[in-house]
Every structure is written in C-alpha cells, then in structure tokens.
Amino acid sequence: RGPGEGLKMLLASLNKSRPSVGAHALGIAHAAFNDAVAYINGRRQSGKRIIDFQGIQFLLADLASELAMCDAWMVHVASLVDQGINDMGVEASILKMRASDSAMR
C-alpha cells in the first residue's frame, strides 16, 4: 500500500476486530444475565421471592429479548465473515454497540 492509505488500512482492520469484540461483550452479557437470574431466584424481600415481583419479571424479559436479538445479529455478522465480506462495518458496529450495552445493563 502506498502513502495516504493508512486510515483505510486502519478502518479495514477495525472492521475485522469488531465482530470479535461484540462476541466477547455478548458472552459477558450472557454470564451477567445468568448470574442475575440466579440471584433473583434466591433473593427474598418482605417474605416474597423477588422473582415474583412484576417489575423484576419485566426487567428479565427485556434483558432476555435483548440478548436473543444480539445472538441472532451475531449469527448474521458471523455469516458475513464466513462469506469473506469485508464491507460489514455497519453490521459489526451494531453488534459491538448492542452487545456491549447489554453487558453493561
């Protein structure tokens, strides 16, 4: 490559690493969700299991649906990688953003 093409090379390498970063974040999100479910199932407040509180159920449903969507999107991005498609910056960025947001939640 010639002079002036460094930014193009950098962005191309980021596109290749974003799916991996997204997959790592999704793994962290799944582990955190599993830990939260285990805690919620064992925790009691005012004599009731907190899993029986509707607000907790809504929260778990929201988190579970977000993880399911991220899982499906990761499969889509992985199929692009398998096909050798290099122009997947938007798709990989979406995966990285949503998976890392889910991990933080």
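Which residues in H2 meet which residues in H3? On the H2 side they are Glu66, Leu67, Cys70, Trp73, Met74, His76, Val77 and Leu80. On the H3 side they are Glu91, Ala92, Ile94, Leu95, Arg98, Ala99 and Ser102. The model is predicted.

**How H2 and H3 pack**

- By class, the contact of H2 with H3 has 10 nonpolar, two polar and three charged residues.
- Two packed helices are described by the angle between their axes and by the distance between those axes.
- Here the angle is about 150°, and the axes of H2 and H3 lie 10 Å apart.
- An angle over 145 degrees counts as roughly antiparallel, so H2 and H3 are roughly antiparallel to each other.
- The crossing of H2 past H3 is left-handed.

- Cys70 sits in helix H2, which spans residues 54–82.
- Its relative accessibility is 4%. Buried means under 20%, so Cys70 counts as buried.
- Cys70 touches Leu26, Leu95, Arg98, Ala99 and Ser102, leaving out residues up to four places away in sequence.
- Leu95, Arg98, Ala99 and Ser102 are also among the H3 residues that meet H2.
- Cys70 and Leu95 are 25 residues apart in sequence. In space, their C-alpha atoms are 6.7 Å apart.

**The largest nonpolar core**

- The largest nonpolar core has 17 residues.
- Leu26, Phe33, Ile40, Leu60, Leu67 and Ala99 have the most contacts inside this core.
- Helix H1 (6–42), H2 and helix H3 (89–104) each supply at least two of the core residues.
- H2 gives the most, with six residues.
- Ala99 is in contact with Gly22, Ala25, Leu26, Ala29 and Cys70, apart from its neighbours within four places in sequence.
- Leu67 and Ala99 also take part in the contact between H2 and H3.

**Ser46, a loop residue**

- Ser46 is in the loop between strand E1 (44–45) and strand E2 (48–49).
- Most residues other than glycine have a negative phi.
- Phi of Ser46 is positive, near 55°.
- Is Ser46 buried or exposed? Its relative accessibility is 74%. Exposed means over 50%, so Ser46 counts as exposed.

Definitions and conventions: Residues numbered from 1 in each chain as written. Predicted model: local features only at pLDDT ≥ 70, side-chain atom pairs only at ≥ 80, totals over all residues. Heavy atoms only, no water. Helix = DSSP H or I, 4+ residues; strand = E, 2+ residues; numbered from the N terminus. Buried < 20%, exposed > 50% of the residue type's maximum accessible area, 1.4 Å probe, protein only. Contact = heavy atoms within 4.5 Å. Core = buried A, V, L, I, M, F, W, Y, C linked by side-chain atoms within 4.5 Å. Axes fitted to C-alpha atoms, helices over the stretch in contact; angles between N-to-C directions. Parallel < 35°, antiparallel > 145°, perpendicular 65-115°, else oblique. Left-handed = near helix turned anticlockwise from the far one by under 90°. Nonpolar A, V, L, I, M, F, W, Y, C, P; charged D, E, K, R; others polar.
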